[in-house]
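I opened this notebook to record what I looked up in the structure. The entries follow in the order in which I made them.

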Amino acid sequence: MDFTPSEEQSAARGLAARIFGDLSTHERLTAAGTGTDAELWKELCAAGLPAAVEDIGLLGLVLLLEEQGRTTAQVPFAATCVYGLLAVAGHGTPEQCERLLPGLRDGTAVATGAFPARGRVHIAEDGALYGAVPWVPWLRDATHVLVADTDLALWIVEASEPGAEARAAGVTVEPVETTAPWSAGRLVLDGVRGERLGNGPEAYAAVLATARTAFAGLQAGVCAGSLARAVHHTVTREQFGRPLSTNQGVLLRAADAHMDTEAIRVTAYEAAWRHDERRACAAQALTAAWWASEAGKRVVHAGQHLHGGTGADLDHPVHRHFLWGRQLDAYLGCGSEVLEELGLLLADSARGDAS
C-alpha cells in the first residue's frame, strides 16, 4: 500500500485547504446558521474541486474532505461527490453520465442520498416509489436524491423546493434540524417515478462503502480541527503561572486524541486506496466507519473537555466540531452497527474459504 498523494491529489488538497481556510471562518459560519454557505459552494465549484474528484479518485476525495472537516465548512461537498459524481460515474449508463455529470461537476446540480437503506421506501407495481425517510443530509439544497428501495435497488429522484409544488410532483421536502447544521430535510415520496441506477444490491453496497469511507475522511478532518483548537488553547492558556499543556493529564488526553485521529485517517486512506485500485474494500470501509464512530466521538469530547469552561460555550468554534463529530458518529451506522456488519462479513468470508 502507498498512500502518498499524487501530484494532482496534492494540488487539489492544497487548493481546498486555501479555499476552506479563507472562507469557512467562524464569522461566516455563525452568519450561515444551520444553512449552507452558498458563496463558499460557488467558490469550490468555480475552482473545479467537485469535478476533480473523478480524476483524483476516492483517496483524493478523502483528502479534500479532511480539509473541509478541519473548518466544518457548511457545503454539500461530500454528499454531491459520493451520491452524485462517483455514484453516477461508477454505476450509470453512458447516457446517464452524459446527462447528469456536467451539472454535478459545475455545482448547478447538488446530490444527496437517503442512506443507509432502512426499508422505508418501496416500489409499487406501477413502478412508482412510496415511503418516507426521517432525515436526509443536505436535502434542502439537493436537486437529486439517491434512494434505495426495499430490494436495495437504487433510484435517482429529482428533488424540488419545499412546498406545494414539491407535493404535487410526488416529492415533499420538510426541513428538519439535526445535531450538525447539514441543511437536512424529511423526504416523503408519494408516487414519484425515479430513474434506476446500477444493478441493484451490488451498486447499493458499493455506494454505501464509498460513503462510509468518504465520511470517515470528513470525520478525520473534524477531529484534527478539534484537536488543533485544543492544542492552541492549552498552549496559550496559563494556570498557576504555567501553560495548561504542561499538565500531564492534559498531555495524555491530547496524545490519546491524536492517536485516535490518526487511526481514523489511516483506515480511511486504506479503504479509499483499495477502492481506487479496484480491490476488495468492504471490510476496510466498515473498519474506517467503526473508527470514525468510536474514536471520533472520543476526540471531539476530548477537544471540548480540554477547553475547560470555554468548551461549554455553545458559540465557541470548538463546539461546532463537537456537533459535527457526534453527527458523524451515528451517520451511516454507529460503531456497534458497523461492527456487527463487519463480523458477519468476516464470518461469511471464513465460511467461503473453508468450503
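Entry one, the pocket. I asked which element gives the largest share of the lining of the largest pocket. I found that α8 does, with eight residues. I note that the model is a predicted one. For the largest pocket I recorded a volume of about 920 Å³. I then listed the elements that give two or more residues to its lining: α4 (49–71), α5 (77–91), α8, α9 (248–276), α10 (282–305) and α12 (335–354). The lining comprises 40 residues, and A205, A206, V207, A209 and T210 lie nearest the centre of the pocket. By kind, I recorded 23 nonpolar, seven polar and 10 charged residues in this lining.

Helix α6 (residues 94–106) lies across β1, β4, β5 and β8, and I noted an angle of about 95° to β8.

I looked up the order of the strands: four of them form an open sheet, β1-β4-β5-β8, with mixed pairing. Because β1 (111–113) and β8 (195–197) stand at the edges with a single partner strand each, one side of each has no neighbour in the sheet. On average, neighbouring strands of this sheet are turned by 30° against each other, direction ignored.

I asked in which sense β4 and β5 pair. Strand β4 (residues 144–148) and strand β5 (residues 154–158) are antiparallel, paired over five bridges. I noted that H144 stands opposite E158 in β5.

Key:
Residues numbered from 1 in each chain as written. Predicted model: local features only at pLDDT ≥ 70, side-chain atom pairs only at ≥ 80, totals over all residues. Heavy atoms only, no water. Pairing = 2+ DSSP bridges. Helix = DSSP H or I, 4+ residues; strand = E, 2+ residues; numbered from the N terminus. Axes fitted to C-alpha atoms, helices over the stretch in contact; angles between N-to-C directions. Contact = heavy atoms within 4.5 Å. 1 Å grid on protein atoms, 1.4 Å probe; cavity = no way out; pocket = protein on both sides within 12 Å on 5 of 7 lines; lining within 4 Å. Points joined across faces, edges and corners; volume = space filled by probe spheres on them. Nonpolar A, V, L, I, M, F, W, Y, C, P; charged D, E, K, R; others polar.
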